[in-house]
Amino acid sequence: MTYFPEEVVEHIFDFLSSHRDRNIVSTVCKAWYRVERLSRRSVFVGNCYAVRPGRVMARFPGTKCLSVKGKPHFADFNLVPHDWGGFALPWIEAAARGCPGLEELRLKRMVVSDESLELLARSFPNFKALVLVSCEGFSTDGLAAIATHCRGLRELDLQENEVEDHGRQWLSCFPDSCTSLESLNFACLKGEVNAGALERLVARCVNLRSLKLNRAISVESLARILVRTPHLVELGTGSFTVEHRAEAYQRLIHAFRKCKSLKSLSGFWDVAPRCLQSIYSICPNLTVLNLSYAPAIQGADLVKLIRHCFKLQKLWVLDCIGDKGLAVVASTCKELQELRVFPSDIYGTGTAAVTEEGLVAISSGCSKLNSLLYFCHQMTNAALITVAKNCPHFTRFRLCILDPGKPDPDTNQPLDEGFGAIVRSCNDLRRLSLSGLLTDTVFLYIGEYAARLEMLSIAFAGDSDKGMVYVLNGCKNLRKLEIRDSPFGDAALLENVGKYETMRSLWMSSCDVTLGGCKALAAKMPRLNVEVINDRVESDEMEENPSDMHKVEKMYVYRTLAGARNDAPEFVDIL
Amino acid sequence: MEDLDNLKATELTLGLPGTSDAPEKPATVSSRVNRRTNEECCTFARNRSEDTAAPAAKARAVGWPPVRSSRMNSCRARKMETEDNSGIYVKVSMDGAPYLRKVDLRIYNGYKELRNALDDMFRCFSLGGVEAHIGESDNAITYEDRDGDWMLVGDVPWEMFISSCKRLRIMKGSEARGQ
């Protein structure tokens, strides 16, 4: 291959789309490293602290799409203190200096300030797409800067961010000359936007295919918008409260009928059951339906709707759909690939909404199912074994039994055998979340059979260090391991220290790991950052020098080329 | 569970008014587990399974179940809706205003929103040339609770407030200061 001119090698590399493949070819020889790095257009950084931003830009000066992730996954559940880190600014600054041709930026779980958004808006003349997922630290002022300065912006996608509302004018900052928007998602914003400005914006952006509104947008406004955007493929509605005999509602039905390209629906906050009839005409074309923010819809109404949705591939619902509702899904949605069932009654006294029966029904009806997130009140081994047999194609399997450590209610046994069946049957399993009563045995199975597993989430499980060791020694493709409230201690942590350099990160909280154990790990493995995160309450009480026997409340370990980070807050010790 | 209405109001509970059926507020288990022994830790999961009481009565660990805050808030909203579909309408009076208003306390998410709404409603009645913002220095928002006492709005958690508020009154500065 080295006899070929570089242009040919580069052309061959063009066919490699995955980051992993490109990473691998770059290690073959110096020539390939050079060709690859100069031709790389899309860079993915899974942990923002694994490498310095400047280094990334220096190595890949031609970067057009940059994707960076910050906080560990458990930050979604408030387990990571608020100002732990994950700042976007250094990345945007480095890109502004090193890759001014940047076109797309995707950030997940990072702290993005208005200042960084302003810098972003001014630094990249070809900027086309901004995707922020689960980020925080910015306000609508930052969005105003993006709208104002990013000429030719195609995509502004804000998913589940915490955005401070500084007023409605940001949307009006899109100049009249802006006609390039193809995707606009501001569903997570709490404040109002200027409805008139929005209607004019969508009217002039003729290529708009994806529009996700926030709760503040009324049905009246939605009807007017839909009339101007009949080619929409994805729609997130705003608030869906309207008297179903009202004129606005009639106009809405009429507008929906014109939208022949709609394939994805979400939103539906506050929707009243009767209003769902307005979308019956679209249902037969739907491939994606997200009703997980519509708690007012009960099982029976959901079922009526779903009977129309026979092309559905992705369904997100609340557990008030019930086992019976899931049976209807199973018989109607034969193309279903992804199902998420969220809990609707977290604070209540648990009237069982979905159980193992619903899951078994789904598995027998939907043979193409490959991705599952299922919150339920109970699960049995028999059910899991049946599911494993019916659906061997799972790549993502996340089961959350709401009661931690709950056994199989029929047999009072742990759920080891059930999960064991899943990992044995699903050879392509990449992501797994466990729950219920589990002993070390389940980890023995996981270590032995889950060869492709990349991410494992453990909570309230296991008996001893052996459990964690089975996983570390067994799962050769493991990248992320997150554990909470499980009896794994120093012996497990230190059993296979080399493993952590093959992984992106390890999170352990409320386990039995001690400060001494963390120090030992840090000493043995200098290319890991071992972060000990102290809860605020503890820091005040703690002595100056806690003993090594002191159990660590939260520990985050990750491989890094950048050494200890210099932006850690005082409650984080990097050993 | 089905008694509701008046019986519920007179029921003795350990909970604060306005909280859910669970007598315990969500406990932060993580703050105490640091002192756990190994045995406690191992039996932690076991103890949970042995306890057959309603899930609501158990202490809830931080970050469990693993659901994002935006969804948790959605659940909270639904819980309130299913408990009582009608709004909580209370009269609002302001000294010197020719008529009273009524507000539905359920539609606000907190004190700030309530203050803003009252400000919008009563601004036109502000006396003198200076527009006094309702709730700031010169006015006090008070409410009559179930015991018939006039309380200052803002001291107690929002949900406790809306379950015990019978009517609102915006007091002018001088009266609010007890002069």
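Over all chains of this predicted model, a search of the whole structure finds 22 aromatic pairs. Rings of Phe, Tyr and Trp (its six-membered ring) pair if their centres lie within 6.5 Å; planes under 30 degrees apart count as stacked, over 60 as edge-to-face and the rest as tilted.

One pair consists of A:F74 and A:W507: the ring centres are 6.2 Å apart and the planes stand at 85°, so the pair is edge-to-face. Because A:F74 lies in the loop between strand 2 (65-69) and helix 5 (89-98) of chain A, and A:W507 in strand 20 (residues 505-509) of chain A, the pair ties together parts that are 433 residues apart in sequence. A:F74 is buried, with a relative accessible area of 6%, and A:W507 is buried at 2%; buried means under 20% relative accessible area, exposed over 50%, partly exposed in between (1.4 Å probe, protein chains only).

A further pair joins A:F240 and A:F268, whose ring centres are 5.2 Å apart with planes at 55°, so this pair is tilted. Both A:F240 and A:F268 are buried.

A:F74 and A:W507 also belong to one aromatic cluster, whose members include A:Y49, A:F77 and A:W84.

Charged groups meet rings as well. The charged end of A:R424 sits over the ring of A:Y445, 5.0 Å from its centre; this requires NZ of Lys or CZ of Arg within 6 Å of the ring centre and within 35 degrees of the ring normal. B:R71 lies over the face of A:F342, at 3.6 Å from the ring centre.

Residues are numbered from 1 along each chain as its sequence is written, and chains are lettered from A in the order in which they are written. Local features need pLDDT of at least 70, and side-chain atom pairs count only at pLDDT 80 or more, while side-chain values use heavy atoms, with hydrogens and water left out.

Note on methods:
Helix = DSSP H or I, 4+ residues; strand = E, 2+ residues; numbered from the N terminus.
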